[in-house]
Amino acid sequence: MRARLKALADNQIVRFLALGGFAAAVNWLVRFPLSAVLPMSLAIVLAYVIGMTVGFTLYRRYVFPGSTRPIVEQSLIFLAVNLVGALVVLGLTHALIEAQAGLAWPAFVREGLAHGLAIGVGSVVNFIGHKTLTFRLKNGKPA
């Protein structure tokens, strides 16, 4: 059992998913208190920035530690990839909220479900971008 857990921990995709899931959970969870004091769109963007900061730190250290790109270059590409991801999350969240308009669920349930699903789609966009762009080695090979 211990060897199996070590093999999972050594797998880059598993690490990305686990740490990305943690960063996404931070993103999703902090949105609720932020929504209590900010408009929904602003709360989503701010929650995304907080989750993105957690993600960059964890990915750089534990998922893609071999990247030879300078940290400034990684940071700028990371921001660009996450900007695309943020637009996907924001647009999809609003679309999914609208798609649930006829449901009798409370607004916070519809918003939470929509935002959670949108984060999942955004994580796929981010994985592809970070694997192929952000943490790529200078010679063009993935980290």
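**Helix packing, salt bridges and a nonpolar core**

Helices H3 and H4 are oblique to each other, a word used for angles that are not under 35 degrees (roughly parallel), not over 145 (roughly antiparallel) and not 65 to 115 (roughly perpendicular). This is a predicted model, in which local features need pLDDT of at least 70 and side-chain atom pairs count only at pLDDT 80 or more, while totals for chains, interfaces and linings use all residues. Residues are numbered from 1 along each chain as its sequence is written, and side-chain values use heavy atoms, with hydrogens and water left out.

**How H3 and H4 pack**

- Helix H3 covers residues 40-63 and helix H4 covers residues 71-99, and the two pack at an angle of about 140 degrees with their axes 10 Å apart; helices here are DSSP runs (H or I, at least four residues) numbered from the N terminus.
- The axes are lines fitted to C-alpha atoms over the stretch in contact, and the angles run from 0 to 180 degrees between N-to-C directions.
- In the contact of H3 with H4, the residues divide into 13 nonpolar, eight polar and one charged, where Asp, Glu, Lys and Arg count as charged, Ala, Val, Leu, Ile, Met, Phe, Trp, Tyr, Cys and Pro as nonpolar, and the others, Gly among them, as polar.

**Salt bridges**

- The count comes to two salt bridges, each being a side-chain nitrogen of Lys or Arg within 4 Å of a carboxyl oxygen of Asp or Glu.
- One joins the side chains of aspartate 10 and lysine 6, at 3.0 Å from N to O, and these residues are separated by about one helical turn because they lie four residues apart in helix H1 (residues 2-10).
- Another joins the side chains of glutamate 73 and arginine 69, at 2.3 Å from N to O.
- Glutamate 73, at 27% relative accessibility, counts as partly exposed, whereas arginine 69, at 16%, counts as buried; buried means under 20% relative accessible area, exposed over 50%, and partly exposed in between (1.4 Å probe, protein chains only).

**The largest nonpolar core**

- The largest nonpolar core has 10 residues in all, among them Phe16, Met52, Phe78 and Phe135; such a core is a set of buried Ala, Val, Leu, Ile, Met, Phe, Trp, Tyr and Cys residues joined through side-chain atoms within 4.5 Å.
- Helix H2 (12-37) and H3 are the elements that give two or more residues to this core, and its largest share, five residues, comes from H3.
- Phenylalanine 135 sits in the segment after helix H5 (107-134), and at 0% relative accessibility phenylalanine 135 counts as buried.
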